[in-house]
Amino acid sequence: VVGTVFVIKDGSKVPLDGVIESGTSCIDESNLTGESVPARKVAGAKVFAGTINVGGGFLTARSTSLAGDSTVARLVELVELSHRQTSPTEQQVKRIARYYTPIVVLTAICFAVV
């Protein structure tokens with residue numbers, strides 16, 4: 001439920017997107033941002049579901065979205081969407097390869113036999 005207060009202990013994953021209400025720590029956001037250095041978080045800072053508290057601190061946060069609406073969920077949805085869609089160029093390459101590949105293989109076999 002949006003507005004739920006939850007705690008983030010050292011070494012644990014952040015369960016939901018939220019805003020820190022109290023505490024100070026560092027959060028490893030590398031799975032979302034690719035940044036190798038953990039981000040320092042203080043009261044008022046946003047935290048994202050799936051990131052990890054690695055700073056040795058204890059944080060209290062209030063959720064700002066449901067699990068299905070989290071940053072990670074949106075990222076997964078975008079990746080799945082990109083896998084379902086193909087570009088016009090990719091479609092053209094597949095059409096050409098459907099005929100070109102068997103012709104090249106048969107030609108190679110004919111040259112190998114002769």
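Read from one end of the sequence to the other, the protein chain runs β-β-β-α-β-β-β-β-α-α. That makes three helices and seven strands, where helices (H or I, at least four residues) and strands (E, at least two) are DSSP runs numbered from the N terminus. The chain is more spread out than a compact globule, because its radius of gyration is 24 Å, well over the 13 Å that the globule rule gives for 114 residues. Here the radius is taken over C-alpha atoms, and the rule is 2.2 Å times the number of residues to the power 0.38. Along its principal axes, the C-alpha trace spans about 80 × 25 × 15 Å.

A word on the numbers: this is a predicted model, in which local features need pLDDT of at least 70 and side-chain atom pairs count only at pLDDT 80 or more, while totals for chains, interfaces and linings use all residues. Residues are numbered from 1 along each chain as its sequence is written, and side-chain values use heavy atoms, with hydrogens and water left out.

As for the surface, the accessible area of the protein chain comes to about 7700 Å², and 64% of that belongs to carbon and sulfur atoms; the areas come from the Shrake-Rupley method with a 1.4 Å probe, and for residues only the protein chains shown count as cover. Buried residues make up 20% of the 114 in the chain, buried meaning under 20% relative accessible area, exposed over 50%, and partly exposed in between (1.4 Å probe, protein chains only). Of the contacts between residues at least 6 apart in sequence, 71% join residues at least 24 apart, a contact being heavy atoms within 4.5 Å.

Three salt bridges turn up in the structure, each a side-chain nitrogen of Lys or Arg within 4 Å of a carboxyl oxygen of Asp or Glu. One of them pairs the side chains of Glu21 and Arg62 at 2.5 Å, N to O. Glu21 sits in strand S2 (residues 18-22) and Arg62 in strand S7 (residues 59-63), so this pair ties together parts that are 41 residues apart in sequence. Glu21 is partly exposed at 37% relative accessible area, and Arg62 is partly exposed at 34%.

Another salt bridge brings together the side chains of Glu29 and Lys41 (3.0 Å, N to O). Glu29 lies in the loop between strand S3 (25-28) and helix H1 (30-33), 12 residues from Lys41 in strand S4. Glu29 is buried at 11% relative accessible area, and Lys41 is buried at 9%. The side chain of Lys41 also reaches the backbone oxygen of Lys46 at 2.9 Å. Beyond its neighbours within four places in sequence, Lys41 is in contact with several residues, among them Ile20, Thr24, Ile27 and Val47.

There is also a salt bridge between Lys94 and Glu90, whose closest N and O atoms are 3.9 Å apart. These two are four residues apart in helix H3 (residues 88-113), so about one helical turn separates them. Glu90 is partly exposed, with a relative accessible area of 36%.

Back in strand S7, Leu59 counts as buried at 0% relative accessibility. Leaving aside neighbours within four places in sequence, Leu59 is in contact with residues including Phe6, Val7, Ile8, Ile20 and Asn53.

Notes:
A polar contact is a pair of N or O atoms within 3.5 Å; within protein, one must be able to donate a hydrogen and the other to accept it, and residues adjacent in sequence count only if both atoms are side-chain atoms.
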